Amino acid sequence: MLKNRFAVILTVFLFSLSLGGCLSAKPVLGVLDKEKVAKESKEYKKISTLREEISLLDAALAEKRQEFALQLKDKEVAANKRMQDEWSAKMQDKQNALNQDIQNKNKDFFGSKNVEMKNYVDSVEKELMEKEATLNKEAVATTTTAERRLAINKEISSLEQEARNKVTAKKEAIQKEIDAKVAGDQQQARQELDSYGASLREELFVAERGKSQKYMEELFGEDQKKLNEKQNALEAALKAFNDKVNKAVEKIAKEKKLETVFGAYAVNVKALDITVEVMKELDK
């Protein structure tokens, strides 16, 4: 591939090379064997060495990447579990904080409802105790018949059940008030929790990706750096070599008074082979 690249650059130059001045009846033509220049030039051997070094580095890096790919699945599973565990723990902390915030915001309201419930229970119990005292007084009276005492016991049981029902109904009514009061806060908290969860998941993903990239840089970075340096050196060497060849061809063409130099060795016209002179010029 590099040889072809050299050939293309050189051919363009060679076909465009001509000298100014009067043209002779029989133009003097030159030809250069690019293949021989590339194979035998000391200058180009440095380029070949660079290409071999790049090939070895590239193969070693590819082998290391292949080994990493085999381990990648297990690393991904571990990373996903690590992210999920951290996400769940932080979501629970956030939910607890939001619940506590709702409690704090409605502390006075809850307190007033607790007082209201306590006062109501006290009033129901007081009313019940007064009625029970009256009935018990009647029950112990000597004039009270057995049948009446039985009726009094049933009446007391009924009063107690009625009191329990009142307390239950009041408790349910207050709970509805509390639920209605905090419903808006709970909805807002759920929305905040959902938003936090989405942001947290993205944050953890980015952090995990950063860890993975850092790990890959540590694993491949030095080898990739060496490979890049060799490739840059090859690019520079190729350019320098092509420039040097072009200058050598131009110099010899002027010395030999060649009007045109062909970049292809096999031509259908008589031409002066300047390959050896160019190679000597390159090796100076």
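This is a predicted model: local features need pLDDT of at least 70, side-chain atom pairs count only at pLDDT 80 or more; totals for chains, interfaces and linings use all residues.
Residues are numbered from 1 along each chain as its sequence is written, and side-chain values rest on heavy atoms, with hydrogens and water left out.

The protein contains 6 helices and 3 strands, taken as DSSP runs numbered from the N terminus (helices H or I, at least four residues; strands E, at least two), and from the N terminus on the order of these elements is α-β-α-α-α-α-β-β-α. Of the 284 residues, 26% are buried, that is, under 20% relative accessible area with a 1.4 Å probe and protein chains only.

Helix H3 (residues 42-105) and H5 have axes that come within 8 Å and cross at roughly 170°, the axes being lines fitted to C-alpha atoms over the stretch in contact and the angles running from 0 to 180 degrees between N-to-C directions. H3 and H5 are therefore roughly antiparallel to each other (angles over 145 degrees). The contact of H3 with H5 comprises 30 nonpolar, 7 polar and 20 charged residues, where Ala, Val, Leu, Ile, Met, Phe, Trp, Tyr, Cys and Pro count as nonpolar, Asp, Glu, Lys and Arg as charged, and the others, Gly among them, as polar.

Terms used:
Angles under 35 degrees count as roughly parallel, over 145 as roughly antiparallel, 65 to 115 as roughly perpendicular and the rest as oblique. Buried means under 20% relative accessible area, exposed over 50%, partly exposed in between (1.4 Å probe, protein chains only).
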